[in-house]
Amino acid sequence: MKVVLFCGGYGLRMRSGAADDIPKPMAMVGSRPLIWHVMRYYAHFGHTEFILCLGYGAHHIKDYFLHYEETTSNDFVLSNGRTELLSTDIADWTITFVQTGIESPIGERLRRVRHHLDGDEMFLANYADVLTDAPLPEMIDRFARRDAGASMLVVPPQSSFHCVDLGEDGLVGGITPVSELPLWENGGYFVLRQEVFDHIPENGDLVADGCAELAKRGRLVAHQHRGFWKPTDTVKERAALDAAYARGDRPWAVWERDGARAGSAVRTA
């Protein structure tokens, strides 16, 4: 299935200074940017047709893939000035780069790439800045069997704060960690049918408009995931993922866990 990635936002909370103008999906985790980790996750499960909804900082994303270095994350042999790659990352990927506007909300970005989906009944979508080890094939299969317009990954609340139960007299009746409340958050991984476009108005939002309307009609399903899921909304969160990667703690890298590599060995001059 085709994978639509929303990678055109400003990512203001991810910036470390005024001179830092890269879009959030290009923030580095290890030797590769966030967007690469997300794409590698999908490619591991056989989904290698990507549509990038570009906006702010689009040139950073374009330049990265136009000058992609396979040797950065793959073993290779250098002999007589020629490079023999022992494995590849993106050799079998198809990436469509689409400028969808600097200020466009996510729903509008999706509307602007609809014609690139070729009328496919089902497709995948993602914020391009959240990492997970969620079982994608299971999520897709469950949705395919349902009569629904959209499915979203949902995860327990990630906040470390506590909720306080107050009585009318101001006495505290109980304190509960937010993560233990019977609530679920939008996890940012979607399986969608064309039906979702019927409910996203011009300059609308995918979740607040499209998914909310489908929910009212009983046509939105959720895939609950209690495993690894980490957002990268702030510099601190990105740094934590980078540190985890450095020490080999990267559960989102399902391609490493399963001992699989996308692509096959190729030779380049």
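1. For the lining counts below, Ala, Val, Leu, Ile, Met, Phe, Trp, Tyr, Cys and Pro are taken as nonpolar, Asp, Glu, Lys and Arg as charged, and the others, Gly among them, as polar. On that basis, the lining of the second largest pocket comprises 7 nonpolar, 3 polar and 4 charged residues.

2. The model is a predicted one, in which local features need pLDDT of at least 70 and side-chain atom pairs count only at pLDDT 80 or more, while totals for chains, interfaces and linings use all residues. Residues are numbered from 1 along each chain as its sequence is written, and side-chain values rest on heavy atoms, with hydrogens and water left out.

3. The second largest pocket holds about 360 Å³ of space. A pocket here is an open set of points on a 1 Å grid over the protein atoms alone, where a 1.4 Å probe fits, with protein on both sides within 12 Å along at least five of seven lines, and lining residues have an atom within 4 Å of a point; grid points are joined across faces, edges and corners, and the volume is the space filled by probe spheres set on the points. There are 14 lining residues, of which Gln158, Lys230, Pro231, Glu237 and Ala240 are the closest to the centre of the second largest pocket. The elements that give two or more residues to this lining are strand 15 (229–231) and helix 6 (235–246), helix 6 giving the most, with 5 residues. Helices (H or I, at least four residues) and strands (E, at least two) are DSSP runs numbered from the N terminus.

4. Side chains of opposite charge can pair when their charged atoms come close. Over the whole structure, a search finds 15 salt bridges, each defined as a side-chain nitrogen of Lys or Arg within 4 Å of a carboxyl oxygen of Asp or Glu.

5. Lys2 is buried at 10% relative accessibility, whereas Asp118 is exposed at 58% and Asp120 is partly exposed at 23%. Through shared partners, salt bridges join Lys2, Asp118 and Asp120 into one network.

6. Arg193 takes part in two kinds of contact. Its salt bridge with Glu121 has the closest N and O atoms 3.2 Å apart, and because Arg193 lies in strand 13 (residues 185–193) while Glu121 lies in the loop between helix 3 and strand 8, the pair ties together parts that are 72 residues apart in sequence. Arg193 is buried at 11% relative accessibility, in contrast to Glu121, which is exposed at 52%. Arg193 also lies over the face of Phe143, at 4.4 Å from the ring centre; the criterion is that NZ of Lys or CZ of Arg is within 6 Å of the ring centre and within 35 degrees of the ring normal. By that criterion Arg250 lies over the face of Tyr245, at 4.0 Å from the ring centre.

7. The search also finds 15 aromatic pairs, counted when the ring centres of Phe, Tyr and Trp (its six-membered ring) lie within 6.5 Å, with planes under 30 degrees apart called stacked, over 60 edge-to-face and the rest tilted. Among them, Tyr41 and Phe45 are edge-to-face, at 5.3 Å centre to centre and 80 degrees between the planes. Tyr41 is buried, with a relative accessible area of 2%, while Phe45 is partly exposed at 24%. Tyr41, Tyr42, Phe45 and Tyr189 form one aromatic cluster.

8. Two backbone positions deserve a check. Asn80, although not a glycine, has a positive phi of about 55 degrees; Asn80 sits in the loop between strand 5 (76–79) and strand 6 (82–85) and is exposed at 78% relative accessibility. Asn203, likewise not a glycine, has a positive phi of about 60 degrees, and its place is the loop between strand 13 and helix 5 (206–216), where Asn203 is partly exposed at 47%.

Key:
Buried < 20%, exposed > 50% of the residue type's maximum accessible area, 1.4 Å probe, protein only.
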